[in-house]
Amino acid sequence: LRLSVFGYFCTSFFVTLIAFLYILFIVFKNCPRKNAINLKIEFGWILSYLKTGFPFMLGAFSLWLLAGVDRWIILNYLNESEVGVYSVAYRFASVYHPLVIIPLLNAYTPKIFEKFAQKEYKQKIYHLLSFAIVVFSILALITPYIAKFMIDKTYYDALPLIRPLVLGYGIFFLTQAIASILIYKKKIKLLTINVLVASFSNILFNLIFVSRWGLKGSIAAFVLGHLIWFIFTFMQAKRTEKILIKQSVTVSYTHLRAHE
């Protein structure tokens with residue numbers, strides 16, 4: 001507080017540094033010293049991981065586009081105070097990314113990858129959909145009430161915007177969860193196309209909607225951008241799932257005939 005805005009960035013830096021040092025401590029504590037850190041890094045190994053991780057980088061970039069670019073467009077069509085209102089609403093919605101979405105995905109991904117390794121490719125997408133609807137509907141319902149106790153009356157206009165933003169994050173969670181099969185099979189091109197289509201759709205919708213409906217238009221663009229991302233991922237995941245199940249059945253039948 002004493003350092004004003006600079007204090008905010010100092011806090012972010014120190015919190016990140018403390019988290020890193022804590023993880024480093026856990027690694028050294030639980031791993032043999034010779035295996036804790038491998039200083040011998042091969043260039044080909046780095047390129048391999050960069051190639052595999054490229055869709056995740058694009059995903060992070062797209063998430064920034066789905067929110068960061070919105071503010072530039074709002075500033076261009078509206079004014080600074082509207083940017084502040086949008087930022088407050090977005091801040092309360094985005095808290096569920098590290099608090100809920102990442103932990104859920106970190107718990108879900110290893111389990112679903114284990115099933116994929118056993119040739120079980122059915123993801124139960126509709127169960128995921130039901131779960132996400134319930135959880136994020138509850139979060140969308142209660143978050144504005146929590147926010148009201150934490151913000152100044154000047155920013156009360158942000159409260160109605162929080163609910164659709166939280167639901168947008170619910171769609172984001174679903175998209176990342178059902179993309180597991182594409183990630184497992186390293187469908188990098190499909191993942192890249194999905195991210196780029198969602199990002200550019202969001203920018204286009206913002207340019208059209210903000211000029212007509214103000215902040216509500218920006219919120220609509222955010223949700224629609226995520227919805228397009230989800231639809232593309234859903235169709236490709238279902239298609240990949242069907243192909244893999246068919247291949248698995250064919251291989252099993254071939255092995256059975258060979259055994260006979």
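Which residues does Phe205 touch, not counting residues up to four places away in sequence? The legends below take up this question together with other views of the chain, in a model that is predicted.

View 1. Phe205 has its place in helix α10, which covers residues 188-213. Leaving aside residues up to four places away in sequence, Phe205 touches Val210, Ala221, Leu224, Gly225 and Ile228. The relative accessibility of Phe205 is 18%, and because buried means under 20%, Phe205 counts as buried. A C-alpha separation of 9.9 Å is found between Phe205 and Ile219, two residues that stand 14 residues apart along the chain.

**View 2. The whole chain as a setting for the close-ups.** Of the 260 residues in the chain, 38% count as buried. When contacts are taken between residues at least 6 apart in sequence, 77% of them join residues at least 24 apart.

**View 3. Helix α6 against helix α7.** Helix α6, made of residues 96-117, packs with helix α7, made of residues 125-148, at an angle of about 165°, and the two axes lie 13 Å apart. Because an angle over 145 degrees counts as roughly antiparallel, α6 and α7 are therefore described as roughly antiparallel to each other. The crossing of this pair, α6 and α7, is right-handed. On the side of α6 the contact is made by Tyr96, Val100, Ile101, Leu104 and Tyr108, and on the side of α7 by Leu128, Phe131, Phe136, Leu139 and Thr143. Sorted by class, the residues of the contact between α6 and α7 comprise 9 nonpolar and 1 polar, with no charged residue among them.

**View 4. Helix α6 against helix α8.** Helix α8 spans residues 159-178 and packs with α6 at an angle of about 20°, with the axes 11 Å apart. Angles under 35 degrees count as roughly parallel, and α6 and α8 are therefore roughly parallel to each other. The crossing of α6 and α8 is right-handed. From α6, the residues Tyr96, His97, Ile101, Leu104, Leu105 and Tyr108 meet Val166, Tyr169, Phe172, Phe173, Gln176 and Ala177 from α8. The contact of α6 with α8 has 10 nonpolar and 2 polar residues, and no charged ones.

View 5. Helix α5, residues 80-94, and α6 have axes that come within 6 Å and cross at roughly 30°. That angle makes α5 roughly parallel to α6. In this contact Phe92, Ala93 and Ser94 of α5 meet Tyr96, His97 and Pro98 of α6. The residues involved in the contact of α5 with α6 divide into 4 nonpolar and 2 polar, and no charged residue is present.

**View 6. Two lysines in the loop between α6 and α7.** Lys119 lies in the loop between α6 and α7, and Lys124 lies in the loop between α6 and α7 as well. Most residues other than glycine have a negative phi. The phi of Lys119, however, is near 70°, a positive value in a residue other than glycine, and the phi of Lys124 is near 60°, likewise positive in a residue other than glycine. Lys119 has a relative accessible area of 53%, and because exposed means over 50%, Lys119 is classed as exposed.

**View 7. Ile243 in helix α11 and its distance to Tyr121.** Ile243 lies in helix α11, which runs over residues 215-259. With a relative accessibility of 36%, Ile243 counts as partly exposed. Along the chain Ile243 and Tyr121 are 122 residues apart, while their C-alpha atoms are separated by 9.6 Å.

Technical notes: Residues are numbered from 1 along each chain as its sequence is written. This is a predicted model: local features need pLDDT of at least 70, side-chain atom pairs count only at pLDDT 80 or more; totals for chains, interfaces and linings use all residues. Side-chain values use heavy atoms; hydrogens and water are left out. Axes are lines fitted to C-alpha atoms, for helices over the stretch in contact, and angles run from 0 to 180 degrees between N-to-C directions. Helices (H or I, at least four residues) and strands (E, at least two) are DSSP runs, numbered from the N terminus. Angles under 35 degrees count as roughly parallel, over 145 as roughly antiparallel, 65 to 115 as roughly perpendicular and the rest as oblique. A crossing is left-handed if the near helix is turned anticlockwise from the far one by less than a right angle, and right-handed if clockwise. Contact means heavy atoms within 4.5 Å. Ala, Val, Leu, Ile, Met, Phe, Trp, Tyr, Cys and Pro count as nonpolar, Asp, Glu, Lys and Arg as charged, and the others, Gly among them, as polar. Buried means under 20% relative accessible area, exposed over 50%, partly exposed in between (1.4 Å probe, protein chains only).
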